[in-house]
Amino acid sequence: GFVPSGTRTFLCMVTAGALLAVYRLARHLLGSPAAVATTLLTAIYPIWFAQSTLAHGDLFAAAFTLWGLTFYLESISSPDAADTELSPWPKIYAAIFFSLAALSKETGVITPVALALWEAFLSLRDRKLRRHTGWIAALLVPILPLAAWYAYHRHRTGYAFGNPDFLRYNATANLDAHRIALALYHRFLHLTMHMNMFVPVTCALAALLLPAIAGRVRLSRPVLSAIAVVLLANWIAFSVLGGALLTRYLLALYPLVILVCVAEWQRRLQHWEWLAALSAAAFLAGIWINPPYAFAPEDN
């Protein structure tokens with residue numbers, strides 16, 4: 001029936017699907033131990049833990065975005081992947097999942113469009129348009145169902161983007177340079193420090209001071225560049241859009257931050273699992289212990 005327990009159970013199932021994407025992506029890029037650490041840290045990160053049973057579109061958008069990223073990043077993870085991959089299925093799957101993300105929440109289109117622009121830049125830089133055309137087309141597909149929805153919405157209601165007052169609060173009224181600068185600052189803190197995220201990030205920065213261990217798996221340059229593009233695009237977009245700086249808008253980004261941290265630990269430390277345990281302890285504490293600054297009640 002339509003009861004809170006049913007809603008929360010269903011949302012937990014969606015969260016489990018999102019975590020499965022995190023595990024699959026991390027295992028493909030870094031191996032099983034790193035995949036287990038990345039998935040568990042994502043699951044117990046206070047914001048993910050708290051949001052995983054709340055009924056909102058951001059969780060659906062995050063789940064579909066992570067699956068879309070899984071097929072995209074797996075495809076480009078090796079240096080010659082674009083030349084050797086002949087199967088169109090990764091592009092098809094990515095287009096479907098990114099489209100579902102955009103239909104779950106309109107801002108879900110930010111990630112595929114940013115990656116499409118990145119692929120276009122790579123095609124111009126490398127002068128190999130044919131090599132990147134397939135991904136550019138696949139990543140732009142989510143615009144079509146979203147545009148169709150806006151057209152249908154305008155036809156039925158007279159408003160393309162919904163209630164004018166709500167649109168003003170979430171978009172047009174926020175186009176102020178001072179507000180955007182403050183939002184960029186706060187969003188940066190949300191991605192790197194909020195709810196004890198500073199623990200794995202600081203450990204990763206410290207690990208960068210150590211030499212890499214020979215033979216250890218690392219994230220390839222194309223994957224790191226793509227992750228950086230996704231983080232940068234969403235950081236800027238969600239500093240401009242949205243009336244409230246809610247952390248649930250960034251749900252798809254936290255696993256990527258954790259993935260990069262785990263990658264650097266594994267690459268540079270013999271017993272990196274101790275850093276994973278330290279981060280896990282910090283995240284578990286953050287679920288119940290409030291930070292010494294203002295935060296949204298839904299963050300833990």
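**Cavities, pockets and core**

Reply: The largest cavity has a volume of about 160 Å³. Of the 16 residues that line this cavity, the closest to its centre are Ala61, Thr65, Phe238, Tyr249 and Ala252. This is a predicted model, in which local features need pLDDT of at least 70 and side-chain atom pairs pLDDT 80 or more, while totals for chains, interfaces and linings use all residues. Residues are numbered from 1 along each chain as its sequence is written, and side-chain values use heavy atoms, with hydrogens and water left out.

Me: What makes a space a cavity and not a pocket?

Reply: On a 1 Å grid over the protein atoms alone, a cavity is a set of points where a 1.4 Å probe fits but cannot get out; a pocket is an open set with protein on both sides within 12 Å along at least five of seven lines. Lining residues have an atom within 4 Å of a point. Grid points are joined across faces, edges and corners, and a volume is the space filled by probe spheres set on the points. By this rule there are 3 cavities of 30 Å³ or more.

Me: Which helix gives the largest share of the lining of the largest cavity?

Reply: H4 does, with 4 residues. Helix H4 (57-76) and H13 each supply at least two residues; helices are DSSP runs of H or I, at least four residues, numbered from the N terminus.

Me: How does the lining of the second largest cavity divide by class?

Reply: It has 7 nonpolar, 1 polar and no charged residues. Ala, Val, Leu, Ile, Met, Phe, Trp, Tyr, Cys and Pro count as nonpolar, Asp, Glu, Lys and Arg as charged, and the others, Gly among them, as polar. The lining is Val22, Leu25, Ala26, Thr38, Leu66, Pro255, Leu256 and Leu259, around about 50 Å³ of space.

Me: What is the volume of the largest pocket, and which residues are closest to its centre?

Reply: The volume is about 600 Å³. Of its 21 lining residues, Glu106, Thr107, Tyr150, Leu167 and Asn170 are the closest to the centre. Helix H9 (143-157) and helix H10 (164-170) are the elements that give two or more residues to this lining. By class the lining has 13 nonpolar, 6 polar and 2 charged residues.

Me: Which residues touch the most other members of the largest nonpolar core?

Reply: Leu73, Leu115 and Trp265 do, in a core of 75 residues. Such a core is a set of buried Ala, Val, Leu, Ile, Met, Phe, Trp, Tyr and Cys residues joined through side-chain atoms within 4.5 Å. Beyond its neighbours within four places in sequence, Trp265 is in contact (heavy atoms within 4.5 Å) with residues including Leu41, Pro200, Cys203 and Trp272.

Me: Why is Ala173 called exposed?

Reply: Ala173 is called exposed because its relative accessible area is 52%, and the label applies over 50%. Ala173 is found in the loop between H10 and H11.

Notes: Buried < 20%, exposed > 50% of the residue type's maximum accessible area, 1.4 Å probe, protein only.
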